[in-house]
Amino acid sequence: IMVSKPNPIGEADKKRRDVIKATYENALASGDKNVYFIDGADLNVTGDATVDGCHPNDLGFYRMAEKIGDAIEKMSEAVKKYDNIVIARHISPDPDAIASQIALRDSIKLTFPEKSVYAVGAGVHKFKYLGNLDKIENSTLDNALLVVLDVPNFCRVDGINGLEYQAILKIDHHPVVDKYCDIEISDDSASSTCQLILELLFKTY
């Protein structure tokens, strides 16, 4: 899902929207059927739907969820389909990357205790307080769902060497760089990938 900035203001926001829409159209032209574009101007996040004229409040997030809900439902169905789920993020991770990994892993395991869910990649000692990552042999997993968080280009995904994955699901708050996934939520107006994970969990669980 590619979402342009809600409540766009000025020429700079229009240019960003045009880039996002062009990326979407290029993906469609390449045969990708699992990509969606939502114009931020259509989200109606203005006035009483913001806390400061820019950032959404509860009403603003509700309006966004109404528009984005169909694509989020597809992501939820993908998670339900696979027994093995590997959650990865970028190399040299920051707190957003690791926290979003751990939050998504733990929420899936709480909801689907029978599934094998792993958060992978090199750990960073100073962020250990956020939780523990998993060490697994990727070659032992068959037909896994790969969930990629907080990274716009596939070459920077950490911890997936040797993994045989069946599909890729991506959630990211950066502008789109590479088109490498089967299902995608990309919203560069979000403050973080953690924000997108929280919205996804509120919507689906």
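1. Asp18 and Arg17 form a salt bridge, with 3.2 Å between the closest N and O atoms; the term requires a side-chain nitrogen of Lys or Arg within 4 Å of a carboxyl oxygen of Asp or Glu. Asp18 is partly exposed at a relative accessible area of 33%, and Arg17 is likewise partly exposed, at 22%. Here buried means under 20% relative accessible area, exposed over 50%, and partly exposed in between (1.4 Å probe, protein chains only).

2. This is a predicted model, in which local features need pLDDT of at least 70 and side-chain atom pairs count only at pLDDT 80 or more, while totals for chains, interfaces and linings use all residues. Residues are numbered from 1 along each chain as its sequence is written, and side-chain values use heavy atoms, with hydrogens and water left out.

3. The structure holds 12 salt bridges. Among them, Arg89 and Asp158 meet through their side chains at 3.1 Å, N to O. This pair links distant parts of the chain, 69 residues apart: Arg89 lies in the loop between β3 and α3, and Asp158 in the loop between β5 and β6. Helices (H or I, at least four residues) and strands (E, at least two) are DSSP runs, numbered from the N terminus. Both Arg89 and Asp158 are buried. Elsewhere, salt bridges with shared partners join Lys14, Arg17, Asp18 and Asp39 into one network.

4. Asp83 is exposed at 52% relative accessibility, whereas Lys115 is buried at 7%. Lys115 also lies over the face of Phe112, 5.3 Å from the ring centre; this assignment requires NZ of Lys or CZ of Arg within 6 Å of the ring centre and within 35 degrees of the ring normal.

5. There are 2 aromatic pairs, defined for rings of Phe, Tyr and Trp (its six-membered ring) with centres within 6.5 Å; planes under 30 degrees apart count as stacked, over 60 as edge-to-face and the rest as tilted. In one of them, Phe154 and Tyr180, the ring centres are 5.0 Å apart and the planes stand at 50°, so the pair is tilted. Phe154 lies in the loop between β5 (144–149) and β6 (165–172) and Tyr180 in the loop between β6 and β7 (183–187), so the contact ties together parts 26 residues apart in sequence. Phe154 is partly exposed at 25% relative accessibility, while Tyr180 is buried at 15%.
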